[in-house]
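Subject: Structure handed over, with notes

Hello,

Please find the structure below, followed by what was found in it.

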2 protein chains.
Amino acid sequence: MLDAAAETFAARGIASSSVSDIAHAAGLTKGAVYSNFDSKDELVLTLMTEHVLDRLHNALAAFDAAEDVGLAVHDLGASLVEAIHADLTWQHLLFEYCGLARRDPTLRAALAERRKEGRAAVARAIERIAAARGVELPMPPADLAVAMLAISNGLALETGMDADGVPDDLFPRLIALIIGQ
Amino acid sequence: MLDAAAETFAARGIASSSVSDIAHAAGLTKGAVYSNFDSKDELVLTLMTEHVLDRLHNALAAFDAAEDVGLAVHDLGASLVEAIHADLTWQHLLFEYCGLARRDPTLRAALAERRKEGRAAVARAIERIAAARGVELPMPPADLAVAMLAISNGLALETGMDADGVPDDLFPRLIALIIGQ
DNA sequence: GGTATTGGATACTCATCAGTATCGGGTTGC
DNA sequence: GCAACCCGATACTGATGAGTATCCAATACC
């Protein structure tokens, strides 16, 4: 059900997907949706929350792998880029969701909360890796976390507008410059 | 008329603004809109095109000012940040527009074209400034232009999700690190 | 001064979509 | 076996919004 919703949203966007569309994609009807969720909004919220947690989990796993296996910072960036590419559609969904949240105080608060947690988790991961490798960070881990997320999202946005001209390895190159190798 | 549309879009978003809303904001009615534009889509396209050109023009003016007055790179970044802050709403409109374009091949092509031009203009400005100051760029100007636009947009996105935790001066600090002072 | 043109108003149509009410059929518990 | 209960289907409602048809008035043009 949530999978069907995810597919539909990916194909048509959140706002342009009707509840019927979603139900149909799941091989069911509207009634089924409304017997599982109170409203379309709740469905969206559930789906996004779940996926955001997934993404965060994956990203942190990548960090941990980097720590364990001893990848260079550059390679870590590359592996993140790969994840981003595979997940471009999702990132664009997040952008739309972000736009929706702007006009809905409840949603906005919920999103801000989760985002804070996500940033904090990334910040801790950065700090851990830096400590493990003896890397001197050029700014507080929290700011660095914001920067990494922003660059990742910004590049995804740019890719969405015009995929040519956004080199695949731009992200790791930027990270390397910011970290100072 | 376009001003009214811009205000309405800023307040309610593009998709959630009805043609009546826009007309009303202009002190007119739907008929007036449809006697000036063939469709809502055309109105949106006109408005966004115009505003994108404005933004580009302003950004380039900022670059030129930097060159003339001899601001440090850091200060240039700060002045850009100011422009971004003032224009946050607009940037969020661009994100929504970008999402709309994803599902409309015509729109997508138009947006990609304008984006390419914008990036090229920024790249030329960067190259010019670097040459004027004898700064050695860490990567091709084109890539640097993409990076700057991406970081600016990424930070705007992040600010939209949770304004706290995105320091005002993060952008110039990142630029400084990337350029290497 | 009279006619054509244009910018805008009013009042529709038509489609879409969130949400509701109600019904059926299968499963679970007794 | 029977009753309570879900889960899902069907068939609505009500609202909204894009787009259209038509009319009106003011201005421009001859």
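A residue is buried if 20 or more other C-beta atoms lie within 10 Å of its own, exposed if 12 or fewer, and partly exposed in between, with C-beta atoms placed from the backbone. A nonpolar core is a set of buried Ala, Val, Leu, Ile, Met, Phe, Trp, Tyr and Cys residues joined through C-beta atoms within 7 Å. The largest such core here has 80 residues, and A:I151 and B:I151 have the most contacts inside it.

This is a predicted model: local features need pLDDT of at least 70, side-chain atom pairs count only at pLDDT 80 or more, and totals for chains, interfaces and linings use all residues. Residues are numbered from 1 along each chain as its sequence is written, and chains are lettered from A and ligands numbered from 1 in the order in which they are written.

Contact means that the C-beta atoms of two residues, placed from the backbone, lie within 7 Å. Beyond its neighbours within four places in sequence, A:I151 touches A:F171, A:L174, B:A150, B:I151 and B:G154.

Between the chains, 39 residues of chain A are in contact with 40 residues of chain B. On the chain A side, α8(A) gives the largest share, 13 residues. That side divides into 21 nonpolar, seven polar and eleven charged residues (nonpolar: Ala, Val, Leu, Ile, Met, Phe, Trp, Tyr, Cys and Pro; charged: Asp, Glu, Lys and Arg; polar: the others, Gly among them).

Regards

Methods. Helices (H or I, at least four residues) and strands (E, at least two) are DSSP runs, numbered from the N terminus.
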